[in-house]
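Welcome! Take a look at the view below, and then read on.

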Amino acid sequence: YHYIKDLKENYNLIGMTSQEVRELLGEPYDEKVKGQVGFEEYSTHDDRTDMIFYYRLREDIISGWEIYLIRFKNNVVFETETGVEDW
């Protein structure tokens with residue numbers, strides 16, 4: 001919770017490239033490119049999205065992993081989202 005709060009307050013990922021995100025946050029837990037098997041699992045079926053970084057943030061024994069999704073179009077972040085990965 002504090003990690004994401006700090007990230008949102010101090011960094012604007014919108015407009016960053018995938019390399020800049022990697023330098024800031026490290027390697028994602030998972031990375032999917034449009035057309036790759038598993039891409040649809042993370043996609044909102046938004047035609048703009050062509051790559052997604054998926055970070056696991058915190059495991060909660062009751063609800064699963066807290067996650068952070070970063071969506072890219074043409075290698076530039078246009079949207080981020082937090083959520084919970086259900087078990």
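Is Glu31 buried, exposed or partly exposed? Glu31 is partly exposed, with a relative accessible area of 27%. Please keep in mind that this is a predicted model. The points below go through the salt bridges, the nonpolar cores and a strand hairpin.

**Salt bridges**

- The structure holds five salt bridges.
- One of them joins Arg22 to Glu31, and their closest N and O atoms lie 2.8 Å apart.
- Arg22 has a relative accessible area of 19%, so with the cut-off for buried set at under 20%, Arg22 counts as buried.
- Glu31, at 27%, falls in the partly exposed class, because that class runs between the buried limit of 20% and the exposed limit of 50%.
- Arg22 and Glu31 also belong to a network of salt bridges that includes Glu27.
- Another salt bridge brings together the side chains of Asp30 and Lys32, at 3.8 Å from N to O.
- Lys32 is buried, with a relative accessible area of 15%.
- Glu79 and Arg71 meet through their side chains as well, in a salt bridge of 3.4 Å from N to O.
- Glu79 is partly exposed at 28% relative accessible area, whereas Arg71 is buried at 1%.

**Nonpolar cores**

- The largest nonpolar core is made of 13 residues.
- Leu13, Val21, Leu25, Tyr68 and Ile70 have the most contacts inside this core.
- Another core, of five residues, lies apart from the largest one, and among its members are Phe39, Ile52, Ile67 and Leu69.
- What does Leu25 touch, leaving aside residues up to four places away in sequence? Leu25 touches Tyr3, Leu7, Leu13, Tyr55, Tyr68 and Ile70.
- As background, nonpolar side chains tend to be buried together in soluble globular proteins.

- Strand S3 covers residues 64-73 and strand S4 covers residues 76-85.
- How do S3 and S4 run, and how many bridges join them? They run antiparallel, joined by nine bridges.
- Within this pairing, Glu66 stands opposite Val84 in S4.
- S3 and S4 form a hairpin that leaves two residues between the strands.
- Asn74 sits in the turn and has a positive phi of about 55°.

Key
Residues are numbered from 1 along each chain as its sequence is written. This is a predicted model: local features need pLDDT of at least 70, side-chain atom pairs count only at pLDDT 80 or more; totals for chains, interfaces and linings use all residues. Side-chain values use heavy atoms; hydrogens and water are left out. Two strands pair if DSSP finds at least two bridges between them. Helices (H or I, at least four residues) and strands (E, at least two) are DSSP runs, numbered from the N terminus. A nonpolar core is a set of buried Ala, Val, Leu, Ile, Met, Phe, Trp, Tyr and Cys residues joined through side-chain atoms within 4.5 Å. Buried means under 20% relative accessible area, exposed over 50%, partly exposed in between (1.4 Å probe, protein chains only). Contact means heavy atoms within 4.5 Å. A salt bridge is a side-chain nitrogen of Lys or Arg within 4 Å of a carboxyl oxygen of Asp or Glu.
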